[in-house]
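Dear colleague,

Please find below the structure that I am handing over to you. My findings follow it.

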Amino acid sequence: MSEGKTRLAIFASGTGSNAEAILQYEHIHPNCGYQTVLVVSNKQTAGVVQVAERYGVVCRILDEKEFPDNANYVESLIQLLQTEQVEFIALAGYLKKIPDILVRQYEKRMVNIHPSLLPKFGGAGMYGMKVHEAVVQAREHISGCTIHWVSEEYDAGAVIAQFSIPLSSGEDGVSLSAKIRKLEHEKYPELLSTLTTNPLARDKHKAP
Ligand code: GRF
């Protein structure tokens, strides 16, 4: 771990393949701009918990339902990020809404990846296989992934970058999902490194 790297937290609820790509990238690239110091999940059984363990990263489970009320939950989340001195947050398949206060606190320091070319196939309830099946059903010719700043609304923050791939004939949700995962793993860590290395890169991608 080198000094001067941006302290990153990854939030994830699922298998954690993007989280793994982010962690792998920082291990392979000595000049990577970030250092992952925390993984946050809302589910003890999520695959990402094992990913964090394998990489020796602190992992905390925060399940809203286990707190007496929402204020208490939000307070604990903020406290956790403060304790680990988190400077930048990458959402990678985190299915819980980020509290507004945190969105404001991490303005232009919190990004999300979505598996479609937003604004198409985004919004509340559009995640995972639902997105890919909707893309196939709509007979789209291209799909891809979008990396965007996090705002108070689902999938609505300013777009930082989009990467596209063509759909093949006979493509279904499963095959499309695999193709897009691969694309995400290539692009997300690289862009995170750029954004965390160079504050100017962040200004280039100003929230509206
Ligand atoms: C990814 O497709 C990402 O775009 C979306 O959630 C999925 C997470 O997958 N936000 P994984 O848990 O990283 O495999």
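Which polar backbone atom lies 2.8 Å from an oxygen atom of the ligand? The atom belongs to N18. The pair is a polar contact, that is, two N or O atoms within 3.5 Å.

Before the remaining findings, a note on the source. This is a predicted model, in which local features need pLDDT of at least 70 and side-chain atom pairs count only at pLDDT 80 or more, while totals for chains, interfaces and linings use all residues. Residues are numbered from 1 along each chain as its sequence is written, and side-chain values use heavy atoms, with hydrogens and water left out.

A side-chain N or O atom of T15 is 2.7 Å from an oxygen atom of the ligand, and a nitrogen atom of the ligand lies 2.8 Å from a backbone N or O atom of I113. The protein buries 89% of the 360 Å² that the ligand exposes when taken alone (Shrake-Rupley method, 1.4 Å probe).

The shell around the ligand (residues with a heavy atom within 4 Å of it) includes G14, G16, S17, G93, H114, P115, R181 and E184. By class, the shell holds 2 nonpolar, 7 polar and 2 charged residues, with Gly counted as polar. At least two shell residues come from each of α1 (17–28), β5 (110–114) and α6 (173–197); helices (H or I, at least four residues) and strands (E, at least two) are DSSP runs numbered from the N terminus.

The pocket

The ligand takes up the space of the largest pocket, where a molecule counts as sitting in a pocket if more than half of its atoms lie within 2 Å of the grid points. A pocket is an open set of points on a 1 Å grid over the protein atoms alone, where a 1.4 Å probe fits, with protein on both sides within 12 Å along at least five of seven lines; lining residues have an atom within 4 Å of a point. The volume of the largest pocket is about 830 Å³. Its lining has 40 residues, and A92, G93, Y94, L95 and Y127 lie nearest the centre. The lining divides into 15 nonpolar, 17 polar and 8 charged residues.

Backbone geometry

L118 and P119 are joined by a cis peptide bond, with omega about 10 degrees; P119 is in the loop between β5 and α5. Q85, which is not a glycine, has a positive phi of about 50 degrees.

Yours sincerely

Technical notes. Polar contact = N/O pair within 3.5 Å; in protein donor to acceptor, adjacent residues only side chain to side chain. Points joined across faces, edges and corners; volume = space filled by probe spheres on them.
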